[in-house]
Amino acid sequence: MKLLNWLIKLIKTEELQFKNDIISQKYLFWKIKRIFDVLICTFLLPVLVLTILILLILNKFYNKGSLFYVQKRMGKNCKPFNAIKFRTMSYVEVIDRKYSDPVELDRITALGIKLRKIRIDELPQILNVLKGDMSLIGPRPDYYEHALLFLENIPSYKFRYAIKPGISGLAQIRLGYAAGLNETKKKSKVDVFYIENASYYLDMKIFLGTILTVIKGNGM
């Protein structure tokens with residue numbers, strides 16, 4: 001028991017030191033990044049409203065059901081928050097997909113496929129950014145129950161949550177969707193690299209990479 005308590009204390013100390021180093025070294029960057037997040041998301045609000053009006057009509061024919069989908073995700077400091085998206089899949093009472101399972105393609109609706117390819121399904125998350133749960137750019141937040149398992153099995157995984165998760169991120173544009181432990185380990189390494197090397201240049205590079213994905217329709 002003493003050994004277990006010592007290990008838990010060591011992990012928490014290591015996480016705290018990592019977070020303090022990241023924030024203190026680039027304190028001004030993170031502050032300005034937050035200001036840009038709020039400004040850009042405020043500018044995008046009319047786009048969100050227009051998209052909602054369009055989808056309210058289209059959903060009646062191609063994606064029957066609720067307009068939004070809210071899912072519990074892991075946020076900064078490994079705390080849960082509710083991420084909001086446009087619904088792209090048919091409704092199920094309980095998610096039973098394991099973290100190692102691929103995307104349930106059979107559940108994605110005809111309209112949902114289109115929304116995913118151009119990443120429009122992520123647009124409502126600007127509300128999460130304005131609320132303070134997310135940033136425009138950062139590590140993509142995982143489904144909370146899956147994230148808890150990743151924390152147990154991937155040592156570097158916890159460091160992804162030293163900052164706010166993002167709507168888009170370096171691992172997302174480099175690796176795409178990650179399924180299973182091995183892919184998530186790779187994703188974690190890329191996300192930690194981003195956190196350690198975060199800069200205006202890197203954020204702009206990720207932003208342009210995301211725009212390119214939207215234009216090409218390569219999202220999923």
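## Surface and overall make-up

The protein exposes about 12800 Å², of which carbon and sulfur atoms supply 65%. The model is a predicted one, and of the 220 residues of the protein, 43% count as buried. Its secondary structure comes to eight helices and four strands, and these elements follow one another from the N terminus in the order α-α-β-β-α-α-β-α-β-α-α-α. Among the contacts in the protein with a separation of 6 or more, 72% are accounted for by residues 24 or more positions apart.

In soluble globular proteins, nonpolar side chains tend to be buried together. Here the largest nonpolar core holds 28 residues, and within this core F86 and Y194 touch the most other members. At least two residues of this core come from each of α2 (27-62), β2 (80-86), α3 (110-117), α4 (126-131), β3 (135-137), α6 (170-175), α7 (180-197) and α8 (200-216). The element that gives the most is α2, with six residues. Once neighbours within four places in sequence are left aside, the contacts of Y194 are K33, I137, G138, I163, L170, L202, D203 and I206.

Apart from this core lies another, of eight residues, including C78, Y144, I154 and Y161.

## Loop residues with positive phi

C78 lies in the loop between β1 (68-74) and β2, and has a positive phi of about 65° although it is not a glycine. The residue is buried, because its relative accessible area of 18% falls under the 20% cut-off. A second case is R119, in the loop between α3 and α4, where phi is near 60°, again a positive value in a residue other than glycine. R119 likewise counts as buried, at 17% relative accessibility.

## Cysteines

A disulfide is a covalent bond between the sulfur atoms of two cysteines. How many disulfides does the count come to? The count comes to zero disulfides. As for individual cysteines, C41 counts as buried at 0% relative accessibility, and C78 is buried at 18%.

## Salt bridges

Side chains of opposite charge can pair when their charged atoms come close. A search of the whole structure finds nine salt bridges. In one of them R160 pairs with D191, the closest N and O atoms being 2.6 Å apart. R160 lies in the loop between α5 and β4 (166-168) and D191 in helix α7, so the pair ties together parts that are 31 residues apart in sequence. Both R160 and D191 are buried.

Another salt bridge joins the side chains of E183 and K186, at 3.6 Å from N to O. These two residues are three residues apart in helix α7, and are therefore separated by about one helical turn. E183 counts as partly exposed at 30% relative accessibility, and K186 is also partly exposed, with a relative accessible area of 45%. Salt bridges that share partners join K85, D121, E122 and R140 into one network. The side chains of K131 and D133 also meet in a salt bridge, at 3.8 Å from N to O, and K131 counts as exposed, at 66% relative accessibility.

Key: Residues numbered from 1 in each chain as written. Predicted model: local features only at pLDDT ≥ 70, side-chain atom pairs only at ≥ 80, totals over all residues. Heavy atoms only, no water. Core = buried A, V, L, I, M, F, W, Y, C linked by side-chain atoms within 4.5 Å. Buried < 20%, exposed > 50% of the residue type's maximum accessible area, 1.4 Å probe, protein only. Contact = heavy atoms within 4.5 Å. Areas by Shrake-Rupley, 256 points an atom, 1.4 Å probe, with all protein chains shown as cover. Disulfide = S-S within 2.5 Å. Salt bridge = Lys/Arg side-chain N within 4 Å of Asp/Glu carboxyl O.
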